[in-house]
Amino acid sequence: MASAATTLAAHGAQVVAQIVQRRGVSDGGARKMGLPYSSRTLLTYGKVREVALRCEETDAAAAIFTTPLTGRQRRTLTDMLGCPATSISDVLTAG
């Protein structure tokens, strides 16, 4: 994540927060390790709420994910987060 933040800063972005989803850390998370990530969001619902709150608190211009997003994931996350959601690879290829 540090290298992603450095790369984004080099492209003129201001990184205001970094959020990591860890699976398997808690007892509940460990039981869910065999389950796939949500195909709609790549995140658990609780993590989406956490990211949305951080986007709102920081008035983020975008939420950038280190994992590539499908078109459906971009649209769903954009709606849920209240700001554009994209992947770092999309940012780098557009710049």
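When I say that two residues touch, I mean that they have heavy atoms within 4.5 Å of each other. With that in mind, please look at Leu81, which touches Val48, Val51, Ala52, Cys55, Ala63 and Phe65, leaving aside residues up to four places away in sequence.

Confidence is highest in helix H4, at 95, and lowest in helix H2, residues 27-31, where the mean is 62. Where pLDDT is low, the predicted coordinates should not be read in detail.

Now for the overall layout. The protein chain has five helices and two strands, and, read along the sequence, these follow the pattern α-α-α-β-α-β-α. Of the 95 residues in the protein chain, buried residues make up 27%. If we take the contacts between residues at least 6 apart in sequence, 43% of them join residues at least 24 apart.

Let me turn to the pair of helices H3, residues 45-58, and H4, residues 71-81, whose axes come within 9 Å and cross at roughly 60 degrees. H3 and H4 are therefore oblique to each other. On the H3 side the contact is made by Tyr45, Val48, Val51, Ala52 and Cys55, while H4 contributes Leu77, Met80 and Leu81. What kinds of residue make up the contact of H3 with H4: nonpolar, polar or charged? They divide into eight nonpolar, no polar and no charged.

As a general remark, in soluble globular proteins nonpolar side chains tend to be buried together.

Finally, I would like to show you Ser87, which lies in strand E2, residues 85-87. Is Ser87 buried or exposed? Its relative accessibility is 1%, and because the cut-off for buried is under 20%, Ser87 counts as buried. Ser87 touches Ile64, Phe65, Thr67, Pro68 and Leu69, again not counting residues up to four places away in sequence. The C-alpha atoms of Ser87 and Thr66 are separated by 5.8 Å, although these two residues are 21 residues apart along the chain.

How values were computed. Residues numbered from 1 in each chain as written. Predicted model: local features only at pLDDT ≥ 70, side-chain atom pairs only at ≥ 80, totals over all residues. Heavy atoms only, no water. Axes fitted to C-alpha atoms, helices over the stretch in contact; angles between N-to-C directions. Helix = DSSP H or I, 4+ residues; strand = E, 2+ residues; numbered from the N terminus. Parallel < 35°, antiparallel > 145°, perpendicular 65-115°, else oblique. Nonpolar A, V, L, I, M, F, W, Y, C, P; charged D, E, K, R; others polar. Buried < 20%, exposed > 50% of the residue type's maximum accessible area, 1.4 Å probe, protein only. pLDDT = per-residue confidence, 0-100.
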